[in-house]
Amino acid sequence: MTFSDDRPTMIEFKEVHKYYGDYHALRGINGTIKAGEFFSLLGPSGCGKTTLLRTIAGFEDISSGVIMIDGKDMASVAANTRPTNMVFQSYAIFPHMTVEENVGFGLRKDPRSKEEKAKAVAESLDMVGLKGFGKRAAHALSGGQRQRVALARALILKPKVLLLDEPLSALDKKMREHMQVELIKLQRQVGITFILVTHDQEEALVMSDRIAVMFDGEIAQLADPETLYRRPATKKVADFIGTMNFVPADILSESGNSVDVDAKGLGRVTLDIAQAPVKSGDSPVVGLRPETLTLLYDDQKAPERETAGVIDEVIYFGDMTYYDVYLGGTDVEVRLSMRNVPGRPVLDVGTKVRVAWSPSALVLFR
Amino acid sequence: MAATPGSEARTGLKLISPTAIYVILLLAVPLATVLIYSVMTGGRGNVSFPVTGENYYSLLNTKGGGNLIDYFAKGMPGEDPDLTFLKWIWNGLSNAVYVFVLLKSLMIALAVTLITVLLAYPVAYFVSFHVKPDRKSLWLFLITIPFWTSYIIRVSLWFVILGYDGLLDKLLMSLGITNTQLNFSSYGVPAIIFILAHAYAPFAVLPIFVSLEKVDRSLLEAGQDLGESRWITFLRVTLPLSMPGVIAASLIVFIPTVGDYVTPRLVGDGKQPLIANFIETQLLKLQDFPQGSAFAVASMLMVGIVSVGFVLLNRRFIRGQK
Amino acid sequence: MKRAPLLKSYTIFYLVFLYAPIVLLPIFAFNSGKVVAFPLQGFTLDWFREMLSDQNLRTAAKNSLIIALSVATLSTVLGIFAARASVRYRFPGKVPLMGLIMLPLVLPEMIVAMALLVVLLSIGVPLSLFTVIIGQVLITTPFAVAILTSAFQSLDKSLEEAAMDLGETAWGTFRLIILPLVMPGILASFLICFTISFDEFIISNFLGSGQPILSVYIFGQFRFPAKVPSMLALGTVLVCMSIILLGFAEYFRRRGIAKAGGKDSGGFL
């Protein structure tokens with residue numbers, strides 16, 4: 001999961017803007033994507049992630065700014081000559097061709113002999129697990145098979161960058177989870193830079209080396225999955241990725257490397273400056289992930305801090321139970337998750353409880 | 001790939017230009033010419049200045065040198081006790097040659113439209129609701145075939161059947177029902193309506209069928225579930241939902257029938273000229289370009305107004321559904 | 001399906017009404033009586049022989065064929081341009097231009113014919129088969145555009161992008177992807193324009209300067225009772241031709257849908 005940052009840059013965005021008439025779809029995109037990286041563009045629909053992907057492919061011109069691929073400015077390079085290939089959301093399998101003809105489509109102008117091309121097609125199909133499917137008619141394929149054909153068709157051209165536009169959204173849950181793992185393996189095997197567009201935060205976290213979270217045409221945060229999850233830069237990012245409890249807080253004092261806050265229901269706590277990375281103008285709140293909170297049973301002692309509370313809601317999930325708890329006689333409610341292990345009963349609504357938490361797991365948004 | 005608005009517009013315009021130039025030169029320019037001719041002065045075979053509204057005023061002329069405006073402005077003469085108000089209006093209109101042809105064509109076309117749509121609705125309903133899905137295409141195919149067979153032959157065949165001493169006359173006479181030739185085809189307006197209603201019948205089925213197909217079947221079940229009878233469900237759900245199709249069908253039948261040339265030429269030896277025949281007389285036989293153009297423009301206007309009326313009606317129904 | 005005997009009998013009655021005149025065609029085309037009347041006399045092929053030996057009819061049929069082939073080709077080509085532009089691109093003046101192209105659908109044909117005739121006469125273009133062709137193209141192009149628009153619409157835009165993405169040029173994409181996928185629509189458009197042109201009367205009559213054209217010729221011949229049986233023979237042939245052409249058009253349409261992997265959703269228009 002960790003990604004060494006010393007790899008060379010594959011794609012670089014410099015102040016990329018895109019307008020559709022009056023609509024400002026991309027509002028100054030900056031950033032780099034490294035060679036061989038599995039990179040995801042994550043965001044809600046309409047955030048500009050697909051537009052950004054299509055500007056890389058060359059299907060959309062940019063209004064201003066620069067997109068460099070492998071050190072070359074793409075401004076005057078048409079889609080059909082860019083070193084990128086794309087797997088479309090609808091897969092765009094040519095319905096009037098066989099699987100073989102689809103996969104070999106991009107080789108039409110390849111100077112290699114017919115036999116060599118056929119071999120390349122067979123290898124490519126083999127790679128995506130469709131050995132022997134070459135003669136099948138394209139319209140007789142299942143969703144998962146279509147996706148594999150689309151992958152084989154794009155990868156056969158050995159692009160520098162493979163673009164994937166929500167490739168898993170049309171598949172059912174089981175198939176999707178299966179394909180996530182396959183895509184990761186495939187990417188490791190071919191070593192090509194993958195750029196995945198998705199609105200599914202779980203998918204992005206599972207698959208990516210790094211993720212750019214986008215809202216309203218801007219990159220809100222670009223980081224590896226763990227940083228994104230543990231240290232989201234803004235409340236919006238925190239809210240979009242996983243579940244996060246927000247507790248109103250007052251900032252008491254701030255020094256060079258720490259911040260003192262008074263969080264409602266939790267009390268005074270000193271945070272490392274790394275836990276409060278960005279000032280975005282939000283009214284101050286501290287965020288806690290449900291799994292960083294623990295209910296204390298009987299005479300268990302909290303390793304760091306504890307706060308009294310009352311259970312307001314119990315949601316039973318089988319392996320887990322979620323509790324909504326009012327903190328310390330306030331109206332601040334937090335959700336926490338407990339694993340249902342033997343000997344740990346599910347508690348009732350109204351039960352008075354003690355909640356253990358750790359100051360280092362907090363994030364301050366301000 | 002066209003992406004910026006400017007280049008997309010250029011590509012689109014370039015692509016449409018052959019077709020656009022074709023229709024501009026061969027349709028827009030001729031129609032504009034007719035429009036210009038209609039306000040010119042002219043005689044046989046030529047047009048000249050000055051520009052005038054006279055041709056449109058002349059459309060209201062009545063036989064014997066009068067004008068419909070004067071006729072109505074004078075008011076109803078009081079001396080004749082047999083003259084009712086309706087008769088007075090009728091006398092005026094039937095004497096105004098141009099107006100009468102326009103109104104007669106309109107009435108005939110509307111009658112044909114009404115008959116065609118009424119006859120077609122149950123057929124479309126049957127195919128949509130009572131035919132198995134895999135058999136629907138076959139039924140539609142059967143219904144559309146007559147439309148794709150030569151219109152001239154279909155219309156002419158009616159004269160073999162309905163004409164003087166035709167099949168119908170022979171049948172009736174041999175059965176002893178009548179001993180003279182009935183010659184239904186000489187019956188003017190009813191014959192025209194009958195033949196046109198037959199000729200355009202298949203046109204009406206398809207749009208109604210399409211709109212019936214779109215009716216959500218669960219709505220009907222819901223209606224009956226709520227205790228409504230099948231007939232009430234039809235009136236309250238199916239019929240309103242299929243109105244866009246009914247109106248489309250009306251439009252599709254109305255436009256060609258109002259401009260039909262062949263049937264009025266054949267029926268009653270062409271003594272019942274409709275718009276198309278009248279335009280032919282004015283522009284080709286009399287070579288009265290300005291007057292003929294004014295009449296053509298007036299008929300276009302009439303067709304346009306009725307069509308827009310249908311479209312507005314359709315909008316109302318579509319909005320009503322939302 | 002619920003049974004609806006009343007509706008079904010009505011529909012069958014309606015079909016009988018629709019077909020009433022048409023069934024007379026084969027009946028009397030093969031009837032040896034000189035007059036069209038029951039009872040039937042006997043079986044004969046004389047009327048077909050008379051039809052085939054009619055020199056004027058052969059010229060008319062040849063002219064109609066020339067016209068219909070040219071009209072179908074020209075209006076399908078014009079239809080491809082217009083339909084592709086309207087489905088795929090946004091450009092200024094799109095609505096009025098498409099409106100103008102589709103206008104003949106809502107205009108009495110006589111007005112189109114006369115307007116064109118007035119202009120042709122005033123600029124001194126002699127009437128000929130050519131003037132019939134350019135006039136009929138105005139009438140058939142809206143049908144071509146309607147059929148081709150739905151063909152282009154059912155084409156997934158990402159298929160084109162995929163071809164470009166895989167290195168094809170715009171022309172290569174059109175030739176290898178778009179054209180094969182809309183080919184059924186093109187064929188259907190061609191066949192339907194052909195059929196409409198072949199039957200068309202008003203423009204053939206007024207823009208043809210008396211050249212023998214099939215529909216005009218038939219119209220004239222029906223006035224002579226002696227000619228009616230051979231016209232019925234001709235009608236029989238034309239009906240069979242229409243059904244065959246329509247069968248082809250429907251076949252191509254369905255194949256197109258199957259190719260694109262879609263579901264059948266009804267018939268023509």
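Predicted model: local features only at pLDDT ≥ 70, side-chain atom pairs only at ≥ 80, totals over all residues.
Student: Where does helix 12 of chain B bend, and by about how many degrees?

Tutor: The bend is at B:Met243 and amounts to about 45 degrees, with a proline, B:Pro244, following within four residues.

Student: Which helices of chain C supply residues to the side that touches chain B?

Tutor: One begins with the contacts themselves, taken as C-beta atoms within 7 Å: 67 residues of chain C are in contact with 75 residues of chain B. Several helices of chain C each supply at least two residues to this side, among them helix 3 (55–88), helix 8 (170–199) and helix 11 (228–259), while helix 1 gives the most, with twelve residues. By class, the residues on this side of chain C divide into 53 nonpolar, seven polar and seven charged.

Student: What confidence does the predictor give to chain C and to the complex?

Tutor: The mean pLDDT of chain C is 85, and 93% of its residues reach 70 or more. Over residues 263–269 of chain C, however, the pLDDT is below 50, and this stretch has ten contacts in the model beyond near neighbours in sequence. For the complex, the predictor gives an ipTM of 0.85 and a pTM of 0.81.

Notes
Residues numbered from 1 in each chain as written. Chains lettered and ligands numbered in written order. Contact = placed C-beta atoms within 7 Å. Nonpolar A, V, L, I, M, F, W, Y, C, P; charged D, E, K, R; others polar. Bend = angle between axes of the 7 residues up to and from the residue. pLDDT = per-residue confidence, 0-100.
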